[in-house]
Amino acid sequence: MNGHSSRPSLNIAIIGTGIVGAHVAIGLLNRNIPVTIYEQSSEAKDIGAGIVLPTIAVECMDALDPDITKRVKNIAGGLQNVNFINGCSDEDLKLRSGDGLYDIEIKPFEYHPVHRAQLLSELLHLIPQDRIQFGKRLESIVDRGNDAKMLLRFYDGTTAEADAVIGCDGIKSRVRQIVLGPENPAAFPHYTHLAAYRGLVPMDKATAALGRLSKEAVMYVGQGASIMTYPIISRDVVNVAAFVWDEGDWPDSDHLTDVGSKEDVMTAFSHFGPTLREFVSAMPEKLNRWALFDSHDHPLSSFAYGRIALAGDAAHASTPFHGAGASMGIEDALVLATLLKRVADIGDLDQGPVTKDSALKAAFKAYDSVRRERAQWLVSSSRCTGLSVQWRTPEIGKDADLFAQDVTERMEKIFSYDWKDSLAQAIDEFERHVGA
């Protein structure tokens, strides 16, 4: 990364040092824009689970900083296409031939599976340690106006100043609560009535149950439940996410994860075929149980609030059925980094005709204009697909052809994103707002 040759005219505060916050920080630092990340935890960490990155996300990573893709290349695998199998089938799926592994194969799409904790660790190597402050739980943000720096107050009694704030603090975003207020239902995510049991299965145990399918990415669909598997970490283990329908309410919206048991999963998949039942029995006894919350029921009317912007799950929390939630946050990061570079390039914002306040507001307004529709579409589309893989969509039901057509159209919209055109649109919007 390049060093700073003169006193900076901008200083950006990022709330949250997860995957999206790290990408925003790296993108800004690579453009010589100083940042400070404030993280409420005592250390940077991410839960031990796998995620997949669509090729479009890797392209955006490279545009943020080529050093990201160099590091990701060392930990990511490659998966071709999106594959589905009827998990309720009575056949022994281990006996399927190479020509007929899947009931539905949707292509050509390429994903790159990584372990979340490994990815975050690699990203943090690209951020100087003095740019991250831990143990900083955000209490409030005060916009003092008139181009004065914004004041951040933390629950430990300390304060900080910044020209702008980007909330990358996840699905339970404190920044989102601050800008919307506690009475607004959009300030909080809402339960989708699905819980995901996540864990890792050693490859030998997975292969014993699934055969060659253990080395592929597969979504096993069925009545009232579904399960996603794919290999990660040099293909030594299989990442598992078992999605179980929950008629009730999640008991504690402050804690979206708890410990689940394999017995619960075995009960949920007891009506599936013998292959899936055998695989479930190979899962760890203790699993991470994630409540799937999203922002579908109360989408935000904006991702920008003056000199405050929201990105990633803080702006558009999604269920994981398209494998593109992290990708959307990385796309956000690229647009934000590009626009803030335009702000920095204006020149001396303290003395020029365009004020720092107006330029930052214009940048965040342009960001909102090019990102909100696509990101909120993903939230809605992923919710729909989550129902379809459990045969809960009446117009599709168990019809494989209709299902394949529906998923193909949705995947094409994810992968056909022209991020270069999006950046051009964002810059045009920014220049229009600045000139207004």
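This is a predicted model: local features need pLDDT of at least 70, side-chain atom pairs count only at pLDDT 80 or more; totals for chains, interfaces and linings use all residues.
## Helix H12

Helix H12 covers residues 400-415, 16 residues in total. From its first C-alpha to its last, H12 reaches 22 Å, close to the 22 Å expected at 1.5 Å a residue. The buried residues of H12 are Phe403, Ala404, Asp406, Val407, Arg410, Met411, Ile414 and Phe415. Viewed down the axis of H12, these buried residues fall within an arc of 165 degrees, so they line one face of the helix. An α-helix has 3.6 residues a turn, so residues three or four places apart point the same way.

The cover over the buried residues of H12 includes both strands and helices: strand E3 (50-54), E4 and E5 on the one hand, H2 and H11 on the other. At the N-terminal end, H12 is capped by Asp399. A side-chain oxygen of Asp399 lies 3.0 Å from the backbone nitrogen of Asp401.

## Helix H13

Helix H13 is made of 17 residues, 419-435. At 1.5 Å a residue H13 should span 24 Å, and its end C-alpha atoms are 24 Å apart, which agrees. Buried in H13 are Trp419, Ser422, Leu423, Ala426, Ile427, Phe430 and His433. Seen down the helix axis, the buried residues of H13 lie within an arc of 140 degrees, so they line one face.

The face turned away from this buried side carries the exposed residues Lys420 and Gly435. Among the elements that cover the buried residues of H13 are helix H2 (55-64), helix H10 (325-345) and helix H11 (356-388). H2 and H11 are also listed among the elements covering the buried residues of H12.

## Cysteines

A search of the whole structure finds zero disulfides. For Cys60, the closest cysteine sulfur is that of Cys168, 15 Å away, which is too far for a bond because a disulfide needs the two sulfur atoms within 2.5 Å. Seen from Cys168, the closest cysteine sulfur is in Cys60, also at 15 Å and too far for a bond.

Both residues are buried: Cys60 has a relative accessibility of 1%, and Cys168 has a relative accessible area of 8%.

## Annotated segment 12-29

An unreviewed UniProt entry lists residues 12-29 as "transmembrane region". In the model this span is 61% helix and 22% strand. The C-alpha atoms at the ends of residues 12-29 lie 10 Å apart.

## Ser89

Ser89 sits in the loop between strand E4 (79-86) and strand E5 (104-115). Those two strands are also among the elements covering the buried residues of H12. With a relative accessible area of 18%, Ser89 counts as buried because the cut-off is under 20%.

The side chain of Ser89 reaches the backbone nitrogen of Glu91 at 3.2 Å. Leaving aside neighbours within four places in sequence, Ser89 is in contact with Gly273 and Pro274.

## Asn288

Asn288 belongs to strand E16, which runs over residues 286-294. At 30% relative accessibility, Asn288 is partly exposed. Thr257 is 31 residues from Asn288 along the chain, and the C-alpha atoms of the two are separated by 6.8 Å.

Note on methods:
Residues are numbered from 1 along each chain as its sequence is written. Side-chain values use heavy atoms; hydrogens and water are left out. Buried means under 20% relative accessible area, exposed over 50%, partly exposed in between (1.4 Å probe, protein chains only). UniProt positions are given in the numbering used here, feature names are shortened, and annotations may be inferred rather than shown by experiment. Helices (H or I, at least four residues) and strands (E, at least two) are DSSP runs, numbered from the N terminus. The expected span of a helix is 1.5 Å times one less than its number of residues. The arc is that of the directions from the helix axis to the C-beta atoms. Contact means heavy atoms within 4.5 Å. A polar contact is a pair of N or O atoms within 3.5 Å; within protein, one must be able to donate a hydrogen and the other to accept it, and residues adjacent in sequence count only if both atoms are side-chain atoms.
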